[in-house]
Amino acid sequence: MTGQPQPGVPILRLGDVLVTGLLNELDDRTAIAFTEELTERISAEGARGVLIDISRLEVIDSFVARTLMELTTVARLLGARVIVAGMRPPVAITLVELGIELVGVETALNPEQGMAALGWRQAPQPLEGARRGTAR
Amino acid sequence: MALPGESTLASRGAKRPGRAETRRPPAPATYPVRTEEDLLTVRHAVRAATVEAGFGLVDQTRVVTAASELARNAYVHGGGGTVTLEYPREPGGRRGLRLTVKDEGPGIADLDAALTDGFTTGGGLGHGLGGARRLMDEFTVRTGPGEGTVVVVTRWTSR
C-alpha cells in the first residue's frame, strides 16, 4: 500500500474525446501525474474533448478542486474542452460551503450527459422495430 | 494490516440501529501528519469516525473535507503535526466529533487574513481555514508567531 507506485488512472479514447475517471482517493502525487498524462494525451492524440467522471470521489477538498481547475485551463489552452461529470450531491454542497465554485470548470450530471455535450449522440436503439411499428 | 478503505466500508455495513446510542463512545485517537500518506490515513480515520458518531452522508462529507483542509495546513505550513479525534456528547444528548489539529510550525502571523477566502501562502486556493470554519459547528484557533498552531473544530449530529 504505502510507498508503492500507484497504478495510473486509465484514459480511454473514443473518437476525438478522451474519457477518464478519478478514483475515490486522489493523493497529491496521483493528481499531478494524472494532469501530466492527460495533457500529454490531449496533445498527442489531438483530442477535442475530455470527459472526467468524478462519481467515485467522496471528497473534493481545495487541493483536488485546484487540480480540476488547472487541468481544465491547461486543456483549454491546448484546444480541448473538459467536462467534469457525476459529482456526488454531498460533495457539491460541501464545495459551495467551502467557498469553491470550480469557476471555469464545465460540469454534467452524469457521464452520459457529459458525452452528449461533447457531441456524442446515442442512436435511437430499435430503429427497425420502431419503423415496423409505425407502418402497421 | 487491514486497508483503511475496507474498514470504513465494513463499519458502514455493520452499522445496526441504536448501536452507537447505547455504546460508550470510542477513546480519543491521535494520528500523525508527517507525510502525504498520513493525509490519506487521517481522511480514512475521520470518515470512519463520522460513521461511528452517526452523521448523515452530507455531514460526513463536510467533516472529512474540513479534516482534509486542516491536516493539509498542518502538513504544508506547520511542517507536520497531529490530528486527534474525540467523541464529545452534549448534555442534551447530541453526539459530536471533535478534531484537534496541532502543529509546531511558525504559527499564523495574521489570523484574520488567514481566515479570509483567497488568502494563501502555500499555493492552494486559500479556502482551507475559513472553509473549515464554515463546514463545522464550532471552531477555535490558538496560534502566534513561533508558537505553532492548534485548531479545534467540532460538528454535532442533527443540529
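## Close-up views of a predicted two-chain model

**View 1. Strand 3 of chain A is mostly covered.** Four of the five residues of strand 3 (residues 49–53) of chain A are buried, where buried means that 20 or more other C-beta atoms lie within 10 Å of a residue's own, exposed that 12 or fewer do, and partly exposed anything in between, with C-beta atoms placed from the backbone. Helices (H or I, at least four residues) and strands (E, at least two) are DSSP runs numbered from the N terminus. The model is predicted, local features need pLDDT of at least 70, side-chain atom pairs count only at pLDDT 80 or more, and totals for chains, interfaces and linings use all residues. Residues are numbered from 1 along each chain as its sequence is written, while chains are lettered from A and ligands numbered from 1 in the order in which they are written.

**View 2. Strand 3 of chain A pairs with strand 2 and with strand 4 of chain A**. Two strands pair if DSSP finds at least two bridges between them. Strand 2 (residues 17–21) of chain A runs parallel to strand 3 of chain A over five bridges, and Val19(A) has Leu51(A) in strand 3 of chain A as its bridge partner. The pairing of strand 3 with strand 4 (residues 81–85) of chain A is also parallel, over five bridges; here Gly49(A) stands opposite Arg81(A) in strand 4 of chain A.

**View 3. Strands 1 and 2 of chain A form a hairpin**. Strand 1 (residues 11–14) of chain A is antiparallel to strand 2 of chain A, and four bridges join them. Leu12(A) has Val19(A) in strand 2 of chain A as its bridge partner. Two residues lie between the strands, and Gly15(A) in the turn has a positive phi of about 60°.

**View 4. The largest nonpolar core has 63 residues**. Such a core is a set of buried Ala, Val, Leu, Ile, Met, Phe, Trp, Tyr and Cys residues joined through C-beta atoms within 7 Å. Those with the most contacts inside it are Val50(A), Leu51(A), Val46(B), Ala67(B), Leu70(B), Ala71(B) and Leu99(B). Two residues are in contact if their C-beta atoms, placed from the backbone, lie within 7 Å. Neighbours within four places in sequence aside, Leu99(B) is in contact with Val46(B), Ala67(B), Leu70(B), Val83(B), Leu85(B) and Val153(B).

**View 5. 23 residues of chain B are in contact with 21 residues of chain A**. On the chain B side, the elements giving two or more residues are helix 3 (36–53), helix 4 and helix 6 of chain B. Helix 4 of chain B gives the most, with nine residues. This side of chain B divides into seven nonpolar, eight polar and eight charged residues, where Ala, Val, Leu, Ile, Met, Phe, Trp, Tyr, Cys and Pro count as nonpolar, Asp, Glu, Lys and Arg as charged, and the others, Gly among them, as polar. Val58(B) lies in helix 4 of chain B and is partly exposed, with 16 other C-beta atoms within 10 Å. Apart from neighbours within four places in sequence, Val58(B) is in contact with Pro90(A) and Ile93(A).

View 6. In helix 6 (residues 128–135) of chain B, the buried residues are Gly128(B), Leu129(B), Gly131(B), Ala132(B) and Leu135(B).

**View 7. Met87(A) is found in the loop between strand 4 and helix 3 of chain A**. Met87(A) counts as partly exposed, with 19 C-beta neighbours inside 10 Å. Neighbours within four places in sequence aside, Met87(A) is in contact with Ile54(A), Ala92(A) and Thr107(A). Met87(A) and Leu109(A) are 22 residues apart along the chain, and their C-alpha atoms are separated by 7.0 Å.
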